Amino acid sequence: MDEYQDRSLRGKVFRRLREDILSGVYQENDELREITIGEELGVSRTPVREALRQLELEGLVRIIPNKGAYVTGISSKDVHDIYRVRSMLEGMCARWATENITDRQIEELEEIILLSEFHLSKKGRQTEQVAELDGKFHKVLYEASNSRILEHVLTDFHKYVQMARTKSVGAKNRAEKSIAEHRRILEAIKKKDAALAEKLANEHIMNVMENLHMEDSYENNE
């Protein structure tokens, strides 16, 4: 196997395991067995071992010598910290998007909001679709910032709190409020009011974090 192919396999395994950890397929303290993963993905143990080391550097896995690799997961404090940092970066993103957004991207954002309202109004409230559209709204904003660095950082943060974000969007009344906040951000961008767009985007993320805190408090008191 040449070096390029080896890196490619390692990257494939890393991305798959990372996604499975962040989406909840693997839970905290689950053991990640090299042989089992290798068989599932059709690769040898070497790229699996290297992927696990990379995940350890990201803090998603802990490797215990002579025992194995175990999922660390994302703690409540991690989620809280990410949202606080993300609120500032999302504000910056909205400000830069105001300066760089295209007509096509504005149309995309408007369509996402309309689709979100449609799915929310349907009987049974299709929360999975609403959560997916919520992610798309932010993705378009990241692209509109015209900054590859900011887009990369915010996309990673978005993935790290994927489960918490889906939970929040599906919570009572939060989905309606989130869509309304998206609409206000978009209106500020369309009016070229960068300061207001930044303020609204910052508040939007802090509101999501506050909602998660309230949900966790409620569950702990049940």
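What we have here is a predicted model, in which local features need a pLDDT of at least 70 and side-chain atom pairs count only at pLDDT 80 or more, whereas totals for chains, interfaces and linings use all residues. Residues are numbered from 1 along each chain as its sequence is written, and side-chain values use heavy atoms, with hydrogens and water left out.

First, the overall picture. The protein has 222 residues, of which 42% count as buried, and its secondary structure consists of ten helices and three strands, where helices (H or I, at least four residues) and strands (E, at least two) are DSSP runs numbered from the N terminus. Read from the N terminus on, the elements follow the order α-β-α-α-β-β-α-α-α-α-α-α-α. The accessible surface amounts to about 12,800 Å², and carbon and sulfur atoms account for 50% of it; these areas come from the Shrake-Rupley method with a 1.4 Å probe, and for residues only the protein chains shown count as cover. If we take contact to mean heavy atoms within 4.5 Å, then among contacts between residues at least 6 apart in sequence, 73% join residues at least 24 apart.

Let me turn to helix H2, which spans residues 34-41 and whose buried residues are Glu34, Ile37, Gly38 and Leu41. Seen down the axis of H2, these buried residues fall within an arc of 100 degrees, so they line one face of the helix; the arc is that of the directions from the helix axis to the C-beta atoms. As a reminder, an α-helix has 3.6 residues a turn, so residues three or four places apart point the same way. On the other side of H2, Glu39 and Glu40 are exposed, and the helix is followed by Gly42, whose phi is positive, near 70 degrees.

Leaving aside neighbours within four places in sequence, Ile37 is in contact with Val13, Leu17, Tyr26, Leu32 and Val48. Ile37 also belongs to the largest nonpolar core, which has 57 residues, and is listed with Val13, Ile21, Leu32, Leu55, Tyr83 and Leu141 as touching the most other members; such a core is a set of buried Ala, Val, Leu, Ile, Met, Phe, Trp, Tyr and Cys residues joined through side-chain atoms within 4.5 Å.

Next, the sheet. The three strands form an open sheet in the order S1-S3-S2, with antiparallel pairing. S1 and S2 stand at the edges, each with a single partner strand, so one side of each is left without a neighbour in the sheet. S2 and S3 form a hairpin with three residues between them, and Asn66 in the turn has a positive phi of about 65 degrees.

Within S2, Ile63 has Ala69 of S3 as its bridge partner. Ile63 counts as partly exposed, at 33% relative accessibility, and, neighbours within four places in sequence aside, is in contact with Leu52, Arg53, Glu56, Gly68 and Ala69. Ile63 and Leu52 are eleven residues apart in sequence, and their C-alpha atoms are 8.0 Å apart in space.

Not counting residues up to four places away in sequence, Ser116 touches Val130, Leu133 and Ile179.

His138, in helix H6 (residues 127-144), counts as buried at 2% relative accessibility. Which residues does His138 contact, leaving aside its neighbours within four places in sequence? They are Arg86, Glu90, His158, His182, His204 and Ile205.

Key: Buried < 20%, exposed > 50% of the residue type's maximum accessible area, 1.4 Å probe, protein only. Pairing = 2+ DSSP bridges.
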